[in-house]
Amino acid sequence: MKVIDLLGIPGITAFSTLRDTDSPSEPYSGFSTCSYTGDSYAHYDGCRKELAGYLGISAGKIVFPHQTHSVNVAVVTDTDAHLPDTDAIVTAMRGVALGIHTADCVPIVLADPESGVIGAAHSGWRGTAGDIAARTVAKMVEIGAKPGNIVAAMGPCICRDCFEVGEEVAVHFNRFGAVDRSRSKPHVDLPLAVAASLENAGVSRERISMPPACSRCNPSDFFSARRLGTASGRTLTLVQLHDY
Ligand SMILES: [Zn+2]
């Protein structure tokens, strides 16, 4: 498997996976670990085993919530817990990896390396409008993080030029200053809105990294729901606090 490293903090692993396929029009072709978007068990389970091998941990130590475009944030204290209707997770457990699946939505990884608290969030347009990024920071603070220590990075997601929306969606992003109205239809800059949400929660701008690439502009590297439909694979973005 191939990854793009995020955060760049010693003692913390954080990355987004590359799809790495020669057949980008086939919706599940490439590396994908998502279990609930129509992929075959054999495929996503094989990818999960590859991921566990890459991380050098058992597959049971990798936590994936069942995402539903909610704004619900859960604290992970037990790696066996089921996490239905959950779009962000935080933990202070060492060695446990938190995984978020996306295909155009914004994946966010966060860490307070001093207090040893990490988080991962899925911020699509609904989640972003509902401030899931700020809610994730607040939940990290509940378990010991300090906003001023938090470093955040966004993984690959849809860029402003690719994200043409209707007015009913755009209206939610005026408060973030994230709507481009220079073309016939509005275009929303989701990463800009996520950065504003994080800043509102006390994370300083210079500690926020913007996405490394657009998911829709790079079909061989990333899954894109706008290109493939929602019945497709997902890019994994993951964060893990080392247990050594
Ligand atoms: Zn794009």
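Predicted model: local features only at pLDDT ≥ 70, side-chain atom pairs only at ≥ 80, totals over all residues.
Begin with strand E2, residues 12-17. All 6 of its 6 residues are buried, so the strand is largely enclosed by the rest of the structure. Both of its faces are covered. Ile12, Ala14 and Ser16 are buried on one side, and Thr13, Phe15 and Thr17 are buried on the other.

Strand E2 has partners. Strands of a sheet pair through backbone hydrogen bonds, either parallel or antiparallel. Strand E1, residues 3-5, is joined to E2 by 3 bridges, and the two run antiparallel. Within this pairing, Val3 has Thr17 of E2 as its bridge partner. E1 and E2 form a hairpin, with 6 residues between them. In the turn, Leu7 has a positive phi of about 70 degrees. E2 is also joined to strand E13, residues 235-241, by 5 bridges, again in the antiparallel sense. Here Thr13 stands opposite Gln240 of E13.

Now turn to helix H1, which holds Leu51. Leu51 has a relative accessible area of 0%, so this residue counts as buried. What surrounds it? Apart from neighbours within four places in sequence, Leu51 is in contact with Met1, Phe15, Phe31, Thr33, Ile62, Phe64, Leu236 and Leu238. Phe15 in this list is one of the buried residues of E2. Met1 is 50 residues from Leu51 in sequence, yet their C-alpha atoms are 7.5 Å apart in space.

Helix H1, residues 41-55, also contains Tyr41 and Tyr44. A pair of aromatic rings is described by the distance of the centres and the angle of the planes. The structure holds 3 aromatic pairs. In one of them, the rings of Tyr41 and Tyr44 have centres 5.5 Å apart and planes at 80 degrees, so the pair is edge-to-face. The two residues are 3 apart in the helix, which means that about one helical turn separates them. An α-helix has 3.6 residues a turn, so residues three or four places apart point the same way. Are the two tyrosines buried or exposed? Tyr41 is exposed, with a relative accessible area of 55%, whereas Tyr44 is buried, at 13%. The rings of Phe173 and Phe176 have centres 6.1 Å apart and planes at 35 degrees, so this pair is tilted. Both Phe173 and Phe176 are buried.

The next part is an open sheet of 6 strands, in the order E4-E5-E8-E7-E9-E12, with mixed pairing. Its edge strands are E4, residues 73-75, and E12, each of which pairs on one side only. Inside the sheet, strand E5 (residues 88-91) and strand E8 (residues 117-123) pair in the antiparallel sense over 4 bridges. Val90 has Gly119 in E8 as its bridge partner.

Helices lie against these strands. Helix H5, residues 190-200, lies across E7, E8, E9 and E12, and runs at about 30 degrees to E7. Helix H3 spans residues 132-142, and its buried residues are Ile132, Ala133, Ala134, Thr136, Val137 and Met140. What covers them? The cover includes strands E4, E5, E7 and E8, together with helices H2 and H5. After H3 comes Gly144, whose phi is positive, near 120 degrees.

The last stop is the zinc ion. Which residues coordinate it? The SG atoms of Cys159, Cys162, Cys214 and Cys217 do, at 2.3 Å. The 4 donor atoms subtend angles of 100 to 121 degrees around the zinc ion, which makes the arrangement tetrahedral. In sequence, the donor residues follow the spacing C-x2-C-x51-C-x2-C. The pair Cys159 and Cys217 links distant parts of the chain, 58 residues apart. Cys159 is in the loop between strand E9 and helix H4, and Cys217 is in the loop between strand E12 and helix H6. E9 and E12 both belong to the open sheet described above. Cys159 has 23% relative accessibility and so counts as partly exposed. Cys217, at 45%, also counts as partly exposed.

Technical notes:
Residues numbered from 1 in each chain as written. Heavy atoms only, no water. Donors = N, O, S within 2.8 Å, 3.2 Å for Na, K, Ca; no water. Tetrahedral: all angles 85-135°; square planar, octahedral: opposite > 155°, others 65-115°. Buried < 20%, exposed > 50% of the residue type's maximum accessible area, 1.4 Å probe, protein only. Pairing = 2+ DSSP bridges. Contact = heavy atoms within 4.5 Å. Axes fitted to C-alpha atoms, helices over the stretch in contact; angles between N-to-C directions. Phe/Tyr/Trp six-rings, centres within 6.5 Å; stacked < 30°, edge-to-face > 60°.
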